[in-house]
Amino acid sequence: MQLLDRLTERSSRALARRTSRRGFLGVLGGVLTGTLLLPLLPIARGQQAQAGMPEGGNGKNVDDPMSCDYWKYCAIDGALCACCGGTSHSCPPGTQQSPITWIGTCQNPHDGRDYMVSYNDCCGKTSCGNCSCNRNEREKPIYRLARNNDVNWCMANGESNYHCSVSVVLGVASK
Ligand code: ABN
C-alpha cells in the first residue's frame with residue numbers, strides 16, 4: 001500500500017477511536033440549531049436599524065420621509081406610507097385615509113418651532129409592513145385616545161384593514 005494511503009488510514013482510524021457517533025451528532029445538532037437561530041438574534045435587528053429603517057428614530061435622517069427619523073414622525077406608530085407607494089402625508093393609491101386620527105406635537109429642528117401633526121391611518125388594503133416605525137414623543141396613555149398612537153384608526157372606515165400611516169402637519173403650535 002502506498003505511504004499516503006497508510007497515513008490516511010491510520011489517521012482516520014485514530015480519529016474514529018477518539019470520537020463517537022453520538023458526540024458527532026450532538027455537535028452537528030448544535031451547529032444546525034445555532035444556524036437556524038442566528039437570524040432571530042438582536043444583531044439582525046441592529047443591522048436593520050443601521051439601514052435607516054429603525055423601529056424608533058435615532059435623529060440622523062430628520063429630512064428623509066422614508067426614514068423613521070423624519071422629524072414629523074415623532075409620535076407615529078405603524079408602517080410609513082412613504083415606503084408603501086404613498087408619501088409622508090398622502091395615502092397610497094387604493095387606500096382611504098381614516099377620518100379620525102391621533103394628534104402629536106413635533107419640533108421642527110430647522111426652525112425650533114412646535115408643530116401639531118395629525119397621524120392618519122390609511123385603510124382598505126392589508127398591512128403594508130414596510131418601514132415599521134414606532135416613536136412615542138409626548139404620547140399619552142390609551143384613555144386619552146386622540147393622543148395615543150397604538151390604535152387602529154381604520155376602525156371607523158367601511159374597510160377597516162390597516163395598511164400604513166401618514167403624518168399631516170396641521171399648523172404651528174402657539175406658545
Ligand atoms: N395607528 C397605527 C396602528 C394601526 C393598527 C394597530 C396599531 C397601531
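User: Helices (H or I, at least four residues) and strands (E, at least two) are DSSP runs, numbered from the N terminus. With these elements in mind, where in the predicted model is N148 found?

Analyst: The model shown is a predicted one, and its chain has three helices and six strands. Read along the sequence, these elements follow the pattern α-α-α-β-β-β-β-β-β. Strand β5 covers 132–134 and strand β6 covers 162–172, and N148 is found in the loop between β5 and β6.

User: Is N148 buried or exposed?

Analyst: A residue counts as buried when its relative accessible area is under 20%. The relative accessible area of N148 is 6%, so N148 is buried.

User: Which backbone atoms does the side chain of N148 reach,?

Analyst: A polar atom in the side chain of N148 lies 2.7 Å from a backbone nitrogen, that of D150. The side chain of N148 also reaches a backbone oxygen at 2.9 Å, and this oxygen belongs to K140. The atoms asked for are therefore, with both pairs within the 3.5 Å limit of a polar contact, the backbone nitrogen of D150 and the backbone oxygen of K140.

User: How far apart in space are N136 and N148, C-alpha to C-alpha?

Analyst: N136, like N148, has its place in the loop between β5 and β6. With a relative accessible area of 37%, N136 is partly exposed, whereas N148 is buried at 6%. The two residues are twelve residues apart in sequence, and their C-alpha atoms are separated in space by 8.6 Å.

User: Which residues surround the ligand?

Analyst: The shell around the ligand divides into three nonpolar, two polar and three charged residues. D150, whose backbone nitrogen lies 2.7 Å from a polar side-chain atom of N148, is one of the residues of this shell. The complete list is D77, W102, D121, N149, D150, V151, N152 and Y162.

User: What share of the ligand's accessible area does the protein cover?

Analyst: A nitrogen atom of the ligand is 2.6 Å from a polar backbone atom of V151, and a nitrogen atom of the ligand is 2.9 Å from an N or O atom in the side chain of D121. On its own the ligand has 250 Å² of accessible area, of which the protein covers 79%.

User: What kind of aromatic pair do Y70 and Y73 form?

Analyst: The count of aromatic pairs comes to three, and Y70 and Y73, whose ring centres are 5.1 Å apart, form an aromatic pair with 80 degrees between the planes. Both of these tyrosines are buried. Planes over 60 degrees apart are given one particular name, and for this reason the 80 degrees between Y70 and Y73 make the pair edge-to-face.

User: What distance separates the C-alpha atoms of Y115 and G171?

Analyst: Y115 is found in strand β4, and at 13% relative accessibility this tyrosine counts as buried. Along the chain Y115 and G171 are 56 residues apart, while the separation of their C-alpha atoms is 5.7 Å.

User: Which backbone oxygen does the side chain of T8 reach?

Analyst: T8 lies in helix α1, which spans residues 3–18, and at 44% relative accessibility T8 counts as partly exposed. Its side chain reaches, at 2.7 Å, the backbone oxygen of L4.

Note on methods: Residues numbered from 1 in each chain as written. Predicted model: local features only at pLDDT ≥ 70, side-chain atom pairs only at ≥ 80, totals over all residues. Heavy atoms only, no water. Near = heavy atom within 4 Å. Polar contact = N/O pair within 3.5 Å; in protein donor to acceptor, adjacent residues only side chain to side chain. Areas by Shrake-Rupley, 256 points an atom, 1.4 Å probe, with all protein chains shown as cover. Nonpolar A, V, L, I, M, F, W, Y, C, P; charged D, E, K, R; others polar. Phe/Tyr/Trp six-rings, centres within 6.5 Å; stacked < 30°, edge-to-face > 60°. Buried < 20%, exposed > 50% of the residue type's maximum accessible area, 1.4 Å probe, protein only.
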